[in-house]
Amino acid sequence: MAPIRQLDHVGLTVSDLDTAVAFFARIGLEVEGRTFVEGEFLDVVSGIPDSRVEVVLLRPPGGGTALELARYLRPDATTGSPAPMANELGVRNVCFEVTGLRALVEELAADGYGLVGGVGEHEGAWLMAYVRGPDGMIVALAEQVG
């Protein structure tokens with residue numbers, strides 16, 4: 001078995017890169033870089049010949065695992081379920097530990113990103129909420145309270 005050194009990044013494909021970047025910046029991620037990728041490397045890795053993608057890499061303040069947002073310019077992106085639920089197969093959610101969860105949920109709601117359910121409390125120790133983010137993705141927010 002090959003040893004894993006670290007979780008480097010999580011990649012999400014989005015339809016509108018600027019909207020997705022603004023959403024994750026609101027949560028507190030910082031843009032580390034933005035670039036275009038195309039050519040043999042991308043064709044081989046993605047298995048999509050003649051592809052071109054614009055990528056933005058974001059990280060939490062102070063470092064840590066990155067979030068890679070990608071928008072396919074060629075070929076056109078394909079749409080999955082417009083509002084996937086937590087029980088759909090595939091990536092269920094991306095979770096961020098935050099401070100001020102309830103206030104953040106209100107700010108995101110004011111930007112048009114509502115809750116999937118509600119704010120739950122687990123054993124007096126954690127608050128958690130699923131927010132419906134850009135392209136219908138579920139973004140989990142968790143705050144340690146106990």
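## Close-up views of a predicted model

**Figure 1. The second largest pocket and its lining.** The elements β1, α2 (40-46), β3 (52-59) and β4 (66-74) each supply at least two residues of the lining of the second largest pocket. Helices (H or I, at least four residues) and strands (E, at least two) are DSSP runs, numbered from the N terminus. The model is predicted, so that local features need pLDDT of at least 70 and side-chain atom pairs count only at pLDDT 80 or more, whereas totals for chains, interfaces and linings use all residues. Residues are numbered from 1 along each chain as its sequence is written, and side-chain values use heavy atoms, with hydrogens and water left out. The volume of the second largest pocket is about 200 Å³. Leu42, Val53, Val55, Glu68 and Tyr72 are the closest to its centre among the 13 residues that line this pocket. Helix α2 gives the largest share of this lining, four residues. By type, the lining of the second largest pocket comprises nine nonpolar residues, three polar and one charged. Ala, Val, Leu, Ile, Met, Phe, Trp, Tyr, Cys and Pro count as nonpolar, Asp, Glu, Lys and Arg as charged, and the others, Gly among them, as polar.

**Figure 2. The largest pocket.** The volume of the largest pocket is about 680 Å³. A pocket is an open set of points on a 1 Å grid over the protein atoms alone, where a 1.4 Å probe fits, with protein on both sides within 12 Å along at least five of seven lines; lining residues have an atom within 4 Å of a point. Grid points are joined across faces, edges and corners, and a volume is the space filled by probe spheres set on the points. Of the 25 residues lining the largest pocket, Thr13, Ser81, Pro84, Asp135 and Met137 lie nearest its centre. The elements giving two or more residues to this lining are β1 (9-13) and β8. The lining of the largest pocket divides into 13 nonpolar, nine polar and three charged residues.

**Figure 3. Leucine 69 in strand β4.** Strand β4 holds leucine 69. Leucine 69 has a relative accessible area of 0% and is therefore buried (under 20% relative accessible area; exposed is over 50%, partly exposed in between; 1.4 Å probe, protein chains only). Beyond its neighbours within four places in sequence, leucine 69 is in contact (heavy atoms within 4.5 Å) with Leu12, Val14, Leu17, Ala20, Val21, Phe24, Glu54, Val55, Val56 and Leu58.

**Figure 4. Phenylalanine 23 and phenylalanine 24.** The whole structure contains three aromatic pairs. One of them joins phenylalanine 23 and phenylalanine 24 in an edge-to-face arrangement, with 5.0 Å centre to centre and 90° between the planes. Rings of Phe, Tyr and Trp (its six-membered ring) pair if their centres lie within 6.5 Å; planes under 30 degrees apart count as stacked, over 60 as edge-to-face and the rest as tilted. Phenylalanine 23 and phenylalanine 24 are both buried. A single aromatic cluster is formed by Phe23, Phe24, Phe96 and Tyr113.

**Figure 5. Glutamate 143 in strand β8.** Glutamate 143 belongs to strand β8 (residues 138-144). Because its relative accessibility is 15%, glutamate 143 counts as buried. Apart from neighbours within four places in sequence, glutamate 143 is in contact with Val98, Thr99, Gly100, Leu101, Ala125, Trp126 and Leu127. A polar atom of the glutamate 143 side chain lies 3.0 Å from the backbone nitrogen of glycine 100.

Key:
A polar contact is a pair of N or O atoms within 3.5 Å; within protein, one must be able to donate a hydrogen and the other to accept it, and residues adjacent in sequence count only if both atoms are side-chain atoms.
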